[in-house]
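Q: I would like to go through this model with you, one point at a time. Could you look at it alongside me?

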Amino acid sequence: MYQIAKNKLNELYGAISAKEDLFLPVQKAGQTNYGLWTEEAVVDIDTLKTVKSGKDCFFPQSEVLYKSRYEGGKVSIDPAELQNQPFVVFGMRACDVRAVKVLDQVFLTDPVDTYYAARREHGTIVSLACKEPDETCFCKNFDVDAAEPGADVETWFVGDVLYWKSLTEKGEALTAQVKEALADSFTEAAAEGEKKVEEQQAAIRAIIEKLPLSHLDLSRFKPENTMELFDSPLWEDLYKPCLACGTCTFVCPTCQCYDIRDFDGGKAGIQHYRCWDSCMYSDFTMMAHGNMRTSQLQRFRQRFMHKLVYYPANNDGMYSCVGCGRCVSKCPSSLNIVKVIKKLGGEGNE
């Protein structure tokens, strides 16, 4: 385990960005999201939750897949270049680290998504433990440990010191890179430092135990209950406040729905790109014969059945929700997955 003083973090960022692109929480237009680090960037590493997660670094909101052009009676197709340069995503919380594992199950399973796979191959994740989880957090329900976030490197802030522990080969390589560049300020932590980290981990877990949403009952969300849950009359009451705005899907770190569209650039050719889409929209999965889900109730039900039933049934029990709480805080109708769990989950929610 290594340590570095908090007032030396800009030196750490500089050492990383000297060889790799560095993405971390930065303030822009009054919001904190992941962005490319520069010396002028307003870094907000202490923010508990960025508006969107670091998902963008691996699965961008919009990306060109290939370009095509018709010229001289011939069609030319130019695929987009795959990610081929290393980069670092710094400061991801435990829930967002788990969310990347959820995405891995989708995009790295045959057929492998080569665009996503290239980013995962070249990306190194440095996680950050949640010093003060808040009342919208409910990650514990999904076996996410905010005190031990995992990834390639995991870090903790204890007072004015950042403690750093590498966990993978990528993490070891990054550690060696910054250790060489910051020999005077990036030093090995003494046993006392490791003890401080353990004490903070215990304090974080104690906070989580007391949070109002940390003990939800998920016992009814099992494959054998699929049809019972699907046909439940409770969906009729649950969906009504939904505005179908899609906010929950766009701030969710695990949502992976996308559409593929074309942009006609005239003589420059056509750009074929994919962009995030939402299962809450009426034109999602629109086909020649129309949409398979013709009502908002059906679309609302699909979103939460996928998170809590369909995905875990096909991924060894791993839920497609990580309890980050973004939908809890961002939904304009105060409607979120917690309310669904409380209504449809086990008796422990009553």
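Q: Which strand holds Ile125?
A: Ile125 sits in strand β7, which covers residues 123–128. Please keep in mind that this is a predicted model.

Q: Is Ile125 buried or exposed?
A: Ile125 is buried, because its relative accessible area is 4%, and the cut-off for buried is under 20%.

Q: And what does Ile125 touch, leaving out residues up to four places away in sequence?
A: Its contacts are Phe58, Val89, Met92, Val97, Val100, Arg120, Ala151, Asp152 and Val153.

Q: How far apart are Ile125 and Gly150?
A: In sequence, 25 residues separate Ile125 from Gly150. In space, the C-alpha to C-alpha distance between Ile125 and Gly150 is 9.1 Å.

Q: Changing topic: in what order do the four strands of the open sheet run?
A: The order is β5-β4-β12-β11, with antiparallel pairing. β5 (74–79) and β11 (258–264) are the edge strands, each pairing on one side only. On average, neighbouring strands of this sheet are turned by 25° against each other, direction ignored.

Q: How many bridges link β4 and β12?
A: Six bridges join strand β4 (residues 62–71) to strand β12 (residues 270–276), in the antiparallel sense.

Q: Which residue in β12 is the bridge partner of Lys67?
A: Lys67 has Gln271 as its bridge partner there.

Q: Which helix lies across β4 and β12?
A: That is helix α3, residues 114–122, which runs at about 130° to β4.

How values were computed. Residues are numbered from 1 along each chain as its sequence is written. This is a predicted model: local features need pLDDT of at least 70, side-chain atom pairs count only at pLDDT 80 or more; totals for chains, interfaces and linings use all residues. Side-chain values use heavy atoms; hydrogens and water are left out. Two strands pair if DSSP finds at least two bridges between them. Helices (H or I, at least four residues) and strands (E, at least two) are DSSP runs, numbered from the N terminus. Axes are lines fitted to C-alpha atoms, for helices over the stretch in contact, and angles run from 0 to 180 degrees between N-to-C directions. Contact means heavy atoms within 4.5 Å. Buried means under 20% relative accessible area, exposed over 50%, partly exposed in between (1.4 Å probe, protein chains only).
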